[in-house]
Amino acid sequence: METIGNWLTQAVVAVNGWVWSPAFVGLCLLAGLYFSLRTRFVQVRRFGEMFRLLFGSAKKDQKKVGISSFQAFAMALSGRVGTGNIVGVATAIGFGGPGAIVWMWVIAFFGAGSAFVEATLAQIYKENHNGQFRGGPSYYIEKGLRSPFFGALFAVLAAVACGIFLPPVQCNGIALSCSRTFGVSVWVVGALVALLIALVIIGGVKRIANVAQIVAPFMAILYIILAIVVLAIHWQVVPDVFMQMLRGAVGINEVGGAIIGSTIAWGVKRGIYSNEAGQGTGPIVAAAAKVSHPVKQGLVQAFSVYIDTLLVCTATAMMILACKTYNIIDTVQQTPTGAVVTYLQQNPMAPEGEPGVFYTTGALGTVIGPRLGETVISIALFFFAFTTIMAYYYYAETNLVYLFNRWRRRIYKKHPERLDELERADEHFGDDRGEKIVVWLLRCGTIAAVFYGSLVGSGIVWTIGDIGVGAMAWINIVAILLLSPKALRCLKDYERQKKEGKEPQFNTKELGIANAEFWDNSVE
């Protein structure tokens with residue numbers, strides 16, 4: 001069994017290396033740069049409008065259909081702000097050095113352009129499924145590129161990755177942190193998280209949105225305040241910390257030259273994992289919002305990338321670097337007795353072993369004491385990771401519903417006499433017995449995956465999660481590059497209407513965009 005386990009681990013690592021190849025890292029950076037240039041850096045020009053649109057409320061007669069822009073933003077933020085902001089940042093510093101954070105900033109800045117384009121496309125090609133708007137890469141690949149095969153392929157990857165691969169990553173971080181802090185067995189923590197997740201996801205998208213709009217912004221603000229307090233106490237070293245990051249990003253510090261490739265790769269990888277720009281999950285929730293023009297939600301989703309990386313991730317990084325509670329890892333070798341770690345740089349204040357949440361708890365512990373520091377970070381990690389699991393489930397459910405409905409349509413196309421049955425099922429979400437069974441199987445699978453995440457080692461869990469994220473991003477980035485002219489057309493139309501003093505309304509016929517049935521049939 002041990003031999004099989006080692007072989008599986010090696011296979012997973014090899015697949016991860018193929019997915020996260022240098023070509024993919026370059027594709028992410030170049031795509032973000034391309035979108036930023038083509039939109040004339042809309043993520044900068046329209047920054048003030050992003051904030052205004054975020055809190056724009058939907059009309060009263062629209063509240064029963066879809067969710068508000070703020071709820072969609074909160075759901076997207078809950079998906080973005082998770083263990084990647086605490087554990088992932090520590091991992092990036094541990095393997096890539098301080099300079100990795102600068103590359104996370106680069107990904108965030110250019111990634112906001114990618115987030116804008118993919119969210120706008122999600123709005124263009126969304127569908128109304130019994131008062132719940134469904135959309136995302138599967139929909140705009142099928143309708144915009146006229147490629148049902150790749151739409152279905154993305155849906156399969158997203159359903160498996162978000163429903164099975166990614167939830168264990170979040171629960172693993174919760175379990176390890178709470179076990180060390182409160183002395184509770186990891187399986188007990190896993191069972192508790194699985195139970196709470198079950199109570200939320202069974203309520204559907206409305207309950208997920210209601211929980212996310214309260215928890216996600218509150219925890220993000222509280223966490224940033226804590227980081228400001230830590231940095232205020234260590235204010236003397238803050239300028240030096242910035243210089244460490246800048247020098248490390250270009251490989252001119254004492255270890256930067258030796259790991260410059262790892263610095264860029266880890267910064268890009270953790271940046272994409274954390275802020276989800278280009279990954280293809282952000283547009284899934286962006287499609288759920290009720291807006292009068294797709295560009296509105298594109299701007300809101302671009303803003304959520306800034307919140308995630310430039311505020312929350314930076315807060316974690318600054319705490320760790322200012323308090324020197326990190327090491328820079330050279331190699332990690334797994335042996336029967338545990339991991340053997342060698343270091344390029346080792347700090348006295350940093351815990352030994354693989355990088356993780358303990359870098360962050362150690363930093364906060366220098367200010368409020370080790371015990372209280374661990375407690376605060378464990379609580380923050382719990383809420384961050386919990387809301388992220390909620391978002392992951394919604395991503396998986398949307399893609400599973402997409403797959404089931406496309407499969408069902410093909411069946412009914414061969415049997416026209418059952419068309420009335422299809423229409424009734426579309427009008428009443430879940431009334432179709434087959435769809436109801438599929439959704440419940442997903443719920444059970446996600447809950448089981450959450451519990452499983454508490455029982456396995458963090459290294460392999462993160463690697464599997466990376467494979468899921470990378471595979472989705474490969475397909476999505478290529479798709480949005482091909483479809484970007486439509487998003488750019490929408491942006492031009494939106495800005496023209498704003499210049500004329502109008503409240504922008506979306507008209508597909510005027511823009512020559514086909515297969516956008518929702519907008520064709522709706523009256524704004």
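This is a predicted model: local features need pLDDT of at least 70, side-chain atom pairs count only at pLDDT 80 or more; totals for chains, interfaces and linings use all residues.
Residues are numbered from 1 along each chain as its sequence is written, and side-chain values use heavy atoms, with hydrogens and water left out.

Now, the term. A cavity is a set of points, on a 1 Å grid over the protein atoms alone, where a 1.4 Å probe fits but cannot get out; lining residues have an atom within 4 Å of a point. The volume is the space filled by probe spheres set on the points.

The largest cavity has a volume of about 80 Å³. It is lined by 13 residues, and the closest to its centre are Cys 28, Ile 107, Gly 111, Ser 114 and Ala 277. Which helix gives the most to this lining? Helix 7, with five residues. Helix 2 also supplies at least two. The lining divides into nine nonpolar, four polar and no charged residues. Here Ala, Val, Leu, Ile, Met, Phe, Trp, Tyr, Cys and Pro count as nonpolar, Asp, Glu, Lys and Arg as charged, and the others, Gly among them, as polar.

Next, those two helices. Helices are DSSP runs (H or I, at least four residues), numbered from the N terminus. The axes of helix 2, residues 22-38, and helix 7, residues 99-124, come within 8 Å and cross at roughly 55°. That makes helix 2 oblique to helix 7. Angles run from 0 to 180 degrees between N-to-C directions, and axes are lines fitted to C-alpha atoms over the stretch in contact. Under 35 degrees is roughly parallel, over 145 roughly antiparallel, 65 to 115 roughly perpendicular, and the rest oblique.

Who touches whom? Contact means heavy atoms within 4.5 Å. On helix 2, the contact includes Leu 29, Gly 32 and Phe 35. On helix 7, Trp 103, Ile 107 and Ser 114 are among the residues involved. This contact has ten nonpolar, four polar and no charged residues.

Second pair. Helix 9 (residues 148-182) and helix 10 (residues 186-201) pack at about 130°, with axes 9 Å apart. They are therefore oblique to each other. Cys 171, Ile 174, Ala 175, Cys 178 and Ser 179 in helix 9 meet Val 186, Val 189, Gly 190 and Val 193 in helix 10. The count is seven nonpolar, two polar and no charged.

Last pair. Helix 4 (residues 47-54) and helix 15 (residues 294-323) pack at about 105°, their axes 8 Å apart. Helix 4 and helix 15 are therefore roughly perpendicular. Glu 49 and Phe 51 of helix 4 take part, among others, as do Lys 296 and Tyr 306 of helix 15. This contact divides into ten nonpolar, no polar and two charged residues.

How values were computed:
On a 1 Å grid over the protein atoms alone, a cavity is a set of points where a 1.4 Å probe fits but cannot get out, and a pocket is an open set with protein on both sides within 12 Å along at least five of seven lines; lining residues have an atom within 4 Å of a point.
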